[in-house]
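Please read the following report alongside the sequence and the coordinates.

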Amino acid sequence: MPSTTTIDARGAFCPGPLMELIANLKLVEIGDKIEVLSTDKGSAMDIPEWVKKVKHEMVGIEQDGDIWHIVVRKMK
Amino acid sequence: MAKKILIIGGGLAGTIIANGLTRQLGKELRSNDVSITVIGDNEQHMYQPGLLYMPFGRIREKDLFRDQRSVLDRRVVFHVDPATKIDISSKSVATESGKTFNYDYLVLATGSRLRPDTVPGMTEGAHWFYDLEGARKMRDALDGFDGGKIVVNVNAPHKCPVAPLEITFMLRDYIEQRGLTDKTEITYTYPIGRLHSLEPVAHWAESEFDTAGIKHETFFNTKSIDAEKKIISSEEESDLDYDLLVTIPPHHGSQVITDSDLGAGGWVATERDTLLHEGTNDVFVCGDTTNIPISKAGSTAHFEADTIIDNLTSLVTEGRMACTYDGKVFCFVETGLKEGTYVWFNYTTPPNPGPPSQMVHWFKLAYNRLYWLSARGLL
């Protein structure tokens, strides 16, 4: 059963939301989803760009106030 | 009954907390109302940031170590007996020797470890300086280096987030001092779309790299290394050939955390303000061990330790928590062999590094000695 892990990277300057996503993708199974919460608007561009490069799946991006909810599925 | 405080881990985090608690709970220790016990896995305490200087022969190995018993306050009970299973439901910890330790309050400070074995070819094909053996080998490799392609490769997650930049700048200076600049090309790779997680540091580093002729490639997450052909390949389908590969291997948390089902990858789910393990009120987590999305660094452990010392003291003496952690991190940044700068930030204040200076470099060198006062809880 695929699971969803949430990373609360709000206010995280270092290592930052994308680094947290990369690190956490190594810990989950193929098909699992990771939701990243970020207050860094750059993440809303960086994460999709990287996800496309490495051929994972962007499930969705939503902005709720100043918080971005970015959901990625591990594909390989 | 004495309140039992049990600390797992004899690194910087566990040591500062143990020593700090003895200073705050002197009266309770004298009256046997509290006990403080550290379970570690080594009789020696290593100053890990000193490893950065080892490949260049700029620190002596003996200066990296102190006897852990001598670093701990004499009122702390210390066992070299690695924890093998932590059971927070029965408030007990089993150790390698077969003992069981019970606690009223537990501190998890089990740290992180290098996992080059998780990347095919990394153990065989790369050098690193994040542990003693690796730093020794890298020193030998540099001694025999006579020019060629150096790749500095960074993997996530890793501790001490500025060390990859520092080693790159120091390599540049080292190569120049040996008169090998014309025969050497340095390329730095980083997992995300800029040269460092901290945006201001990334911008500054890019400018410095360009001036120094250091090449760089971003969005580079290591997929495999061909040790025979000397090629490193990324998940992003980029290949780089090298003569000397210096890597920052991906890290995991401690095996005992995984074996005790306390967190994937050995990272413990931790409340970012209280530093309590999620769902508990008697298990604190400090330093690299937490899953908080914040730098894994000695200064992080230090500032977190201060919060935990205050809260444990308050819980023992008043039955209440005292304060919260604001996410503070401070890092020196060596910008070569002669200059340095620093950066600090917290959950709400972004970093803003100043211009490099010789003064900050000297202070960093001084801190290489002052560290032992930090570990003893005096600084």
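## A three-stranded sheet in chain B

In chain B, the strands β14, β15 and β16 form an open sheet in that order, with antiparallel pairing, where two strands count as paired if DSSP finds at least two bridges between them. Helices (H or I, at least four residues) and strands (E, at least two) are DSSP runs that are numbered from the N terminus. The edges of the sheet are β14 (222–226) and β16 (239–241) of chain B, each of which pairs on one side only, and the twist from one strand to the next averages 20°.

Four bridges link β14(B) in the antiparallel sense to strand β15 (residues 231–234) of chain B. Within this pairing, B:I225 has B:I232 of β15(B) as its bridge partner.

## Basis of the model

This is a predicted model, in which local features need pLDDT of at least 70 and side-chain atom pairs count only at pLDDT 80 or more, whereas totals for chains, interfaces and linings use all residues. Residues are numbered from 1 along each chain as its sequence is written, while chains are lettered from A and ligands numbered from 1 in the order in which they are written.

## A second sheet in chain B

Another open sheet of three strands in chain B has the order β6-β7-β8, and its pairing is antiparallel. Because β6 (83–87) and β8 (100–102) of chain B stand at the edges with a single partner strand each, one side of each is left without a neighbour in the sheet. Direction ignored, neighbouring strands of this sheet are turned by 20° against each other on average. Strand β7 (residues 92–95) of chain B runs antiparallel to β8(B) and is joined to β8(B) by three bridges, and B:A94 has B:T100 in β8(B) as its bridge partner.

## Domains and overall form of chain B

Chain B is divided into domain 1 (3–111 + 254–328) and domain 2 (119–250), with bounds that come from an automatic or database domain assignment. The contact between them takes eleven residues from domain 1 of chain B and 16 residues from domain 2 of chain B, two residues being in contact if their C-beta atoms, placed from the backbone, lie within 7 Å. On the side of domain 1 of chain B that touches domain 2 of chain B, seven residues are nonpolar, two polar and two charged; here Ala, Val, Leu, Ile, Met, Phe, Trp, Tyr, Cys and Pro count as nonpolar, Asp, Glu, Lys and Arg as charged, and the others, Gly among them, as polar. The C-alpha centres of the two domains of chain B lie 32 Å apart.

Chain B has ten helices and 21 strands. Its radius of gyration is 21 Å, close to the 21 Å that the globule rule gives for 379 residues, so chain B is as compact as a globular protein of that length; the radius is taken over C-alpha atoms, and the rule is 2.2 Å times the number of residues to the power 0.38. Along the principal axes, the C-alpha trace of chain B spans about 70 × 40 × 40 Å.

## A loop residue in chain B

B:A322 is placed in the loop between α9 (298–318) and β20 (329–334) of chain B. With 14 other C-beta atoms within 10 Å, B:A322 is partly exposed; a residue is buried if 20 or more other C-beta atoms lie within 10 Å of its own, exposed if 12 or fewer, and partly exposed in between, with C-beta atoms placed from the backbone. Leaving aside neighbours within four places in sequence, B:A322 is in contact with B:D310, B:N311 and B:S314.

Read along the sequence, chain A follows the pattern β-α-β-α-β-β, and buried residues make up 38% of its 76 residues. Helix α1 (residues 17–25) of chain A is mostly covered, with nine of its nine residues buried, and these buried residues pack against β1 (4–9), β2 (33–38), α2 (43–54) and β4 (67–73) of chain A.

The contact between the chains takes 24 residues from chain B and 20 residues from chain A. The side of chain B that touches chain A has 15 nonpolar, seven polar and two charged residues.

Technical notes: Axes fitted to C-alpha atoms, helices over the stretch in contact; angles between N-to-C directions.
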